[in-house]
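Visitor: I have a structure open and would like to learn how to read its features. Could you take me through them?

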Amino acid sequence: MANKRLNEAYGRIINVSPADDNPAATQKHYNENCEIWESDMKSMTYTAPEVAAQKAASLVSCEQMEYFKLLDLGTGTGLSGVALRRAGFLGNISAFDGSAGMLKLAMEKGTYSDETEHLLTSSNPLPYPDQSFDMVVSVSSFTKHHIESDCLEDVLRVLKPLSYIVATVRFDRHMQDYKVRFYNELDRLEAAGLMKICSRDKYLHYRWDEVSDEFEVNFEDQYAYVLVLQKSGNN
């Protein structure tokens, strides 16, 4: 049976118009839809926050979990922060997002130590000093209409040496141009000795086939990858 709620959520979450491929348009989209975003993601059977949090927890010791300072890059309404706390991270988690509406809902969860509203682009870098964080977690932020791949080097800048970025990425058939740019940038950064790719694991980003057998979408698009990137020790 077709799931009307699921199809409506898909339209709001996935179908940001390609004609509006700029940060301001994306910011407006999220400010307008922030109040229904979490219920949409629940309908979409969204798994990425838990996947990222569990991967992040697997990289550190129990002692490090007590004091690590994390950056939640592209916080949204704070689902990833909740997942990180559930995974055992007890230190400060900084919320970072381009949408004031989404950040407001995230901060209401009581999970974050501070918040920053900022549209990250290559010409508008992160407003943090070098080596500010012990780990960066990015859940679904490196994608079309959101954070461009040429911002990766600046994310590395705010990480301490030998620290990790945990990022979930999903590139459906409409995002192949972004996918090429993203992996080319990873190759460039790795060749330059700025970081290394530690792992790239496939997972179910959504579980659409569990909630509807007539969902109007390509079910292959529900898969994504969780990446672990480690900053080099000499920068």
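Predicted model: local features only at pLDDT ≥ 70, side-chain atom pairs only at ≥ 80, totals over all residues.

Visitor: How does β4 pair with strand β5?

Guide: The two strands pair in the parallel sense, over six bridges. For one of the residue partners, take valine 139, whose bridge partner in β5 is threonine 168.

Visitor: Let me step back to the whole sheet. What is the order of its strands?

Guide: The order is β3-β2-β1-β4-β5-β7-β6, an open sheet of seven strands with mixed pairing. At its edges stand β3 and β6, each with a single partner strand, so one side of each has no neighbour in the sheet. From one strand to the next, the twist averages 15°.

Visitor: What packs on this sheet, and which strands does it touch?

Guide: Helix α3 (residues 48-58) packs on it, touching β4, β5, β6 and β7. The direction of α3 makes about 155° with that of β4.

Visitor: In which sense do β5 and β7 run, and how many bridges join them?

Guide: β5 and β7 run antiparallel and are joined by six bridges. Within that pairing, tyrosine 164 has glutamine 230 of β7 as its bridge partner. β7 also pairs with β6 in the antiparallel sense, over nine bridges. There, lysine 202 has tyrosine 225 of β7 as its bridge partner.

Visitor: How many residues of β7 are buried?

Guide: Seven of its nine residues are buried, so β7 is largely enclosed by the rest of the structure.

Visitor: I see charged side chains by some tyrosine rings. Over which ring does the charged end of lysine 202 sit?

Guide: That charged end sits over the ring of tyrosine 223, 4.8 Å from its centre. So, for lysine 202, keep two tyrosines apart in your mind: the bridge partner is tyrosine 225, while the ring under the charge belongs to tyrosine 223. Tyrosine 225 has a charge over its ring too, as the charged end of arginine 200 sits 3.8 Å from the ring centre.

Visitor: Now for ring against ring. How should I read an aromatic pair, and how many are there?

Guide: A pair of aromatic rings is described by two things, the distance of the centres and the angle of the planes. The count here comes to seven aromatic pairs. In one of them, phenylalanine 142 and phenylalanine 182 have ring centres 5.9 Å apart and planes at 50°, so the pair is tilted. Phenylalanine 142 lies in the loop between β4 and α7, and phenylalanine 182 in helix α8 (residues 176-191), so this pair ties together parts that are 40 residues apart in sequence.

Visitor: Are those two phenylalanines buried or exposed?

Guide: Both are buried: phenylalanine 142 has a relative accessible area of 1%, and phenylalanine 182 likewise comes in at 1%. Phenylalanine 182 also pairs with tyrosine 183, with ring centres 5.3 Å apart and planes at 80°, so that pair is edge-to-face. Tyrosine 183 is buried as well. Phe142, Tyr178, Phe182 and Tyr183 form one aromatic cluster.

Visitor: Which residues of helix α6 are buried?

Guide: The general idea is that an α-helix has 3.6 residues a turn, so residues three or four places apart point the same way. In α6 (residues 100-107), the buried residues are Gly101, Met102, Leu103, Leu105 and Ala106. These pack against α2, β2 and β3.

Visitor: And how many disulfides does the structure hold?

Guide: A disulfide is a covalent bond between the sulfur atoms of two cysteines. The structure holds zero disulfides. Cysteine 34 is buried, with a relative accessible area of 6%, and cysteine 151 is buried at 1%.

Visitor: To finish, what share of the residues of the protein count as buried?

Guide: Of its 235 residues, 52% count as buried. The protein has eight helices and seven strands. Among contacts between residues at least 6 apart in sequence, 75% join residues at least 24 apart.

Note on methods. Residues numbered from 1 in each chain as written. Heavy atoms only, no water. Phe/Tyr/Trp six-rings, centres within 6.5 Å; stacked < 30°, edge-to-face > 60°. Helix = DSSP H or I, 4+ residues; strand = E, 2+ residues; numbered from the N terminus. Buried < 20%, exposed > 50% of the residue type's maximum accessible area, 1.4 Å probe, protein only. Lys NZ or Arg CZ within 6 Å of the ring centre and 35° of its normal. Contact = heavy atoms within 4.5 Å. Disulfide = S-S within 2.5 Å. Pairing = 2+ DSSP bridges. Axes fitted to C-alpha atoms, helices over the stretch in contact; angles between N-to-C directions.
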